[in-house]
Amino acid sequence: MCGIVGYVGRSEAAPILLDGLRRLEYRGYDSAGVAIVNGKGVETRKCAGRIAELANLMAEQPPSGNYGISHTRWATHGKVTDDNAHPHFDASGKLALVHNGVIENYQALKEELIRDGDADFVSDTDTEVLAHLIGKLYDTSGRGNGNTPPQSEKSRLVAAVRAALQQVIGTYGIAVVHSDIPDFMIGARRGSPLVLGVGKEENFLASDVSAIVAYTRDAVYLNDFDIVAVERDRFEISSLAGGGADYRVSKVEFTAEDIGKGDFPHYMLKEIFEQPNSVRDAMRGRLSSEECSAKLGGLNMTPAELRDVERIVVTGCGTALHAGRIGEYLIEQLAQVPTEAEFASEFRHRNTPMIGNTLVFAISQSGETADTLGALRESKRKGYRTLGICNNVASTIARESDGGVYMHAGPEIGVAATKSFTSQVVILTLVALLLGRMRHLSTADGSEIIEALEALPGQIEQVLKLSDSIKAVAKKYASANGMLFFGRQHNYPVALEAALKLKEITYLFAEGHPSAELKHGIIALIRPDLPSVFIAPDDAVFSKNLNNMEQVKARKGPIICVTSDGCAEKLKGIADDVISVPRTLDFISPILTVIPLQLFAYHLAVELGRDVDKPRNLAKSVTVE
Ligand code: G6P
């Protein structure tokens with residue numbers, strides 16, 4: 001959702017900024033730009049399109065200088081044009097600014113600036129308003145008069161940023177440079193992430209540490225309302241209200257190699273193939289054979305508090321919510337605690353009745369999704385214990401929650417979430433096991449679940465071996481205009497997730513439904529050129545799924561079925577293509593059934609020539625509402 005990189009140091013800024021932007025391209029790729037400052041002024045290159053196009057532009061006319069800012073955009077206000085690409089400038093043309101977020105009152109601020117004759121706007125963005133406002137405040141204040149001594153240019157710029165942001169309603173992560181103030185940049189955040197990278201005689205700003213981890217692993221994760229003034233060899237963090245701010249320099253837990261593609265053609269494929277490890281890491285140290293239960297110390301809850309939980313709300317967006325929907329089935333089945341999975345964007349604005357002992361889980365890979373963060377804050381405001389299930393340990397959701405469980409899945413770069421989904425489902429299984437063992441689950445039940453969980457990494461290896469045969473199935477259906485996905489019980493959310501994966505990266509129309517809903521309307525869509533994908537492992541509802549498949553077959557609809565090893569015979573004459581995964585407990589099966597469907601969407605997208613890692617119109621982390 002827009003990526004920012006800033007640099008102040010002794011090296012040429014251009015290659016560092018470009019390299020950082022490439023790492024952040026998953027956050028948006030509508031347009032990109034840089035502003036690099038040298039003794040002569042600000043050199044700007046910006047254009048609509050991908051970072052590769054900006055790189056071409058920069059290669060034609062290389063900008064030179066040792067400090068600068070840059071941006072990759074996911075458009076919110078204003079079309080995707082060269083003019084709307086960041087950086088944006090103030091009236092003097094000396095102050096450049098990049099922004100991630102939404103200035104909600106930009107229209108009112110813009111009208112005021114125009115009325116006062118302070119600005120000519122060249123873009124339709126909300127961001128340009130902020131550049132003009134800061135520039136105006138910088139030019140008109142702090143120069144001293146009879147009563148007050150003049151402030152330094154650096155202090156004046158910090159004061160101008162502070163004063164401007166105090167007028168802003170909305171969210172922002174920003175970076176600002178001014179050509180009159182050498183080797184200096186300012187960053188600030190509210191609602192959009194911003195990290196300070198601390199190097200040796202060089203410092204960085206970035207929306208995400210992955211942009212700068214090749215240069216430094218020392219990072220300060222800024223808090224909302226922090227303003228940081230950055231020079232080559234020092235930085236100062238203050239708060240929006242004035243005064244100092246607390247901060248901590250932390251070590252980034254991954255390296256630049258971890259965020260490479262390795263030998264894989266796409267991040268998405270690499271991440272699908274990482275699942276034996278990511279699933280293992282999600283449960284590492286969290287299974288107790290002795291207690292036949294899970295150990296989740298990060299929840300920060302005593303056994304008595306866990307036992308007293310009367311209701312659970314699981315919230316998130318996109319793939320994370322689909323994992324939450326599986327959690328709803330899991331927790332109710334294993335622990336009999338009433339559980340509801342709810343879109344974060346709905347939950348935060350709805351007046352959901354919540355009883356006293358309601359526990360809220362906010363699930364988010366990035367930990368920065370604006371809607372999920374909003375839901376977390378609303379839940380906390382109402383006084384409910386709110387826990388996070390996040391991958392990004394330094395994220396806002398991880399930091400603002402009352403406790404939680406980290407996924408430890410490693411960086412996920414492909415825009416379509418894959419390994420984060422299976423890690424989230426594993427963690428929700430652990431939560432269900434823990435709550436179940438505090439209630440009625442026996443030690444034998446607990447041991448059986450632990451055994452099934454421990455077998456998963458090996459079973460996932462087996463599923464991954466099917467990649468080539470799944471590719472062949474995907475090729476066979478490459479001319480389809482759309483697809484339907486069906487599943488029941490624990491595998492109904494897998495149908496939703498599989499349809500989402502297909503939509504995201506192939507742009508084909510796809511829907512997920514509970515299999516039995518077929519006959520209540522969806523059946524009208526069935527025709528010979530619309531394939532239906534059934535997720536039907538050999539579980540308690542296998543025969544019911546079989547009935548639903550017959551209903552599709554009778555109407556000449558092609559069927560692909562993801563089932564359990566040993567079921568192919570029963571599907572003969574019904575399913576046109578069968579993909580079999582190893583057997584496991586019914587409620588653990590989604591972790592195995594989703595993987596062939598991730599591979600199916602991947603291979604189909606490649607076959608259709610789609611940009612798998614950077615699909616049209618999407619961004620990995622959506623930090624606006
Ligand atoms: C975006 C992405 C989805 C993702 C969702 C939630 O919409 O395109 O792939 O599932 O955000 O992301 P989160 O980081 O909160 O898990």
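The ligand here lies between domain 2 (260-456) and domain 3 (466-625), because both give residues to the shell around it; the domain bounds come from an automatic or database assignment. This is a predicted model, in which local features need pLDDT of at least 70 and side-chain atom pairs count only at pLDDT 80 or more, while totals for chains, interfaces and linings use all residues. Residues are numbered from 1 along each chain as its sequence is written, and side-chain values use heavy atoms, with hydrogens and water left out.

**The shell around the ligand**

- There are 13 residues around the ligand, and Thr319, Ser364, Gln365, Ser366 and Thr369 come nearest (a residue is near if one of its heavy atoms lies within 4 Å).
- By type, the shell splits into five nonpolar, six polar and two charged residues (Asp, Glu, Lys and Arg count as charged, and Gly goes with the polar ones).
- Helix H9 (residues 318-335) gives the most to this shell, with three residues (helices are DSSP runs of H or I with at least four residues, strands are E runs of at least two, numbered from the N terminus).

- For Ser364, a side-chain N or O atom is 2.6 Å from a ligand oxygen (a polar contact is a pair of N or O atoms within 3.5 Å).
- On its own the ligand has 390 Å² of accessible area, and the protein covers 89% of that (Shrake-Rupley method, 1.4 Å probe).

- His86 and Pro87 are joined by a cis peptide bond, with omega about 0 degrees; Pro87 lies in the loop between strands S4 (67-73) and S5 (88-89).
- Cys292 is not a glycine, yet has a positive phi of about 55 degrees.

Technical notes. A polar contact is a pair of N or O atoms within 3.5 Å; within protein, one must be able to donate a hydrogen and the other to accept it, and residues adjacent in sequence count only if both atoms are side-chain atoms.
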